[in-house]
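Student: I would like to go through this model with the definitions at hand. Please set each value against its cut-off.

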Amino acid sequence: MAGAGSGRRNRYLAPEATRNPLLCLKEKKEDNSILRSNQLRQDGRSCTDIRPVSIQSGIVSHVTSSAYIELGDTKVLCSILGPRHTQKDFNLEGQVLCQVKFAPFSCHFQKPSQQEEKFMSSIISEAIVGAIRTETFPKLETLVNIVVLENDGSMLTAAILCASIALATSGIEMKDLPTACTVSYSDKASNIYYDPTIAEEYSTANENKDVIGYKSVVYLPLLREISGVYQVGVAESHSVSSQLLEACIEGGLRYHERVRQYLKDLA
Amino acid sequence: MNIIRHVVTMEVKSRGIECELGIITRADGSAQVKQGNTIVTCGVYGPVEAKSAREKVDKAVVEVIVKSETGLPGPYEKELELLMSSCCETMILTHLHPHTAISVSIQIQSDNGSVIVCMVHALCCSLLDACLPLKTTFSAIKCAFLSDGSMLTDPTTQQEETATSQLTYIIDRKGKLVASHATGSFDTEEYIKGLSVASSTAVHRTDFYRETISRKMSRIKQ
Amino acid sequence: MVLSQTKMDLDFRLLFPEEFIKQILDEGYREDGRSHNQTRSTTLTVGSFKSADGSAVVRIGGTCVACGVKGELANPRAISPKDGFIVLNVEYSLVTGSEKLGAIGGGEKFFSSQSLTQIIQDIIHSSKFINLEHLCIEEGKICWSLNVDVVVLSCDGPVIDACVLAAVSALKNATLPSVEIESEKPLVSMATRNHLKTGQYPLMTSFAIHKKEVSDTNIGVLVDPTDDEAQYCTGIVCIAVTNDQKLTGLYKYGGPAMTSDDIQKCIRKAKKQATILVKLIDNTMK
């Protein structure tokens, strides 16, 4: 390095191509199973336990409202901007625009592509818009911006819960407080794991043969409506499917109770 | 077209400045400044009507674009833009032109050291050429300290690469610091020493601007 | 002392924010009750993101910045076969409101993310914080490339100070797995991880400069300005000081002109602030 402006006049070199060190591992992970011998998961939870939830609101300055949630190591931050003027065409219903982005260091392996981020945004957007009284802000738009700071599984649950806390504290009128839960399951749903970590979630990169898929459900508890379902993997039969759905709703209600308690304490 | 060439040499050791006004015919004001082999061209457009999204009710918006000799604009150019636009905002009496935009493009044609200095001089000359109302004129000087503690003014690229610190000062007519861009490793004494050298040159640069403009005016009279 | 705000004060603040801040500053106070050279409390957390090799979260008042370091394997460039890479990138996250939206989303940002990237990269390299040769695994064949991603989560004040502190702490917190070369192929063993070798590190302090109405020559200097204060004060000064009290960057952007006495006052304050931050880092890293 030559003195002050290193490189050619304050421009810094970047490598031409890089490899992820996780692809060049020396030792293979021996223990891939989810359950230990005592029927508890690797982090000591039973199958139906959810990880500790930590909520904080009002972190971001100069926005309408914001919320931060941790589900174990999964960390999500959400902020609401607006309702405010829009450049778009006249519409009697208010518009809700939801965007999800992953922080560059949020994933163990690789950050999702822009298309995947857009796909996540549309799932969350459709799931929460049903709970918002959009007719109360005609001609205006509200932005729901979500940033995933760390993804350690159940990211969709965390994002939905975070958005609903931020919306609830923003003063925008709502019909219900959306809640969500993610479960992953093994073959024929013999084991259902609530609130899976990234290692317990199913993916093609995951060599874990124990789980064959996971399911996330967004539920509106007061309206008793399901506003969104996202599933990866196979569910062989109708009974398996409904079993998973019920598990998700049951888990969702548990989160709902936690969120309600937080909002009550806040008030 | 009013083309003015002349050379002013400094008491402080530095390369002579050569300035050519009105080099871009379609701009409201333009200048090309050469200092040694460092050449910068600057064009000023405006005040013109601002786009409604950028418009400000109480003053003109100043937009600065910096382009270097090669490559796409990156962080380096953006940082120079920030420095130059802060100079413009301080120099131009923007409140005299509310609801308008002034756009400044600076093209680095060749860089052989002290490029910020050259950019500031090109900017000042073209703003004067555009007849925009200014609070003051700025001048700049760059100092580089070598590892043995000796100081160089107006360093070339080779000298910059061996230096431990590079300090660029942008000062007003009275010799006070308006903007600064200092990198490398240095201590307070070195910084202050450079600043006092910069202050002492301020008056010469003011003469330079005056002469440049008076030559332009005498051309117009003829 | 904290100024008591009556209903009328709040209305005045809402209608004439600039005039409000100007009057308070001219009387020698600040909106949040701080004195002119008092900083807000700074908190630092390291290692909170398990997905990164090193991470830090910094909060200075209402400003919040997160930084994560991830190591990747790369081939060194032919011109510098011994050197690894540090690729630093600063971005304003979505939650702060878009950069373009101006007053609606967090006010207009003074520093664009690209200029922040350039400035921070400049001072990290010139302070000789990390010797790029230490990132080399095998000369000319393979080296580490550290992706240092700084994400601004909330802006209310000196974003650049928080970014520098976050980047430095994350790099100090980072551990890299050991790598062996076997028949030209790198083998990474996650079990043994080592901290980076670090040298002097930079710390940044920002000031806002405003002109006092009383006399033309007097200027007021605010340390750790909030967004509203920075918007009224036209000048920004950022001073980077290393932990051994050497200057490693001094940036001033426009605003009222300063004499060398004014600048020296700022440098002294920046040096004092740097010692406080060094203590903070030392206590957090223990």
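Student: What pattern does chain A follow along the sequence?

Tutor: Chain A reads β-β-β-β-β-α-β-α-β-β-β-β-α, with three helices and 10 strands. Helices (H or I, at least four residues) and strands (E, at least two) are DSSP runs, numbered from the N terminus. The model is predicted: local features need pLDDT of at least 70, side-chain atom pairs count only at pLDDT 80 or more, and totals for chains, interfaces and linings use all residues. Residues are numbered from 1 along each chain as its sequence is written, while chains are lettered from A and ligands numbered from 1 in the order in which they are written.

Student: How many helices and strands does chain C have?

Tutor: Chain C has six helices and 12 strands.

Student: Why does the radius of gyration of chain C agree with that of a compact globule?

Tutor: The radius is taken over C-alpha atoms, and the globule rule is 2.2 Å times the number of residues to the power 0.38. For 286 residues a compact globule would come near 19 Å; chain C has 21 Å, so the value agrees. The C-alpha trace of chain C spans about 75 × 40 × 35 Å along its principal axes.

Student: What share of chain C is called buried?

Tutor: A residue is buried if 20 or more other C-beta atoms lie within 10 Å of its own, exposed if 12 or fewer, and partly exposed in between, with C-beta atoms placed from the backbone. Buried residues are 52% of the 286 in chain C. In chain A they are 43% of 267.

Student: How many residues of chain A are in contact with chain C?

Tutor: Contact requires C-beta atoms, placed from the backbone, within 7 Å. By that rule 43 residues of chain A are in contact with 48 residues of chain C. Strand 4 of chain A gives the most to the chain A side, with five residues.

Student: Which strand of chain B pairs with strand 12 of chain C?

Tutor: Strand 10 (residues 177-186) of chain B does, in the antiparallel sense over five bridges. B:Ser180 stands opposite C:Lys252 there. Overall, 28 residues of chain C are in contact with 29 residues of chain B.

Technical notes
Contact = placed C-beta atoms within 7 Å. Pairing = 2+ DSSP bridges.
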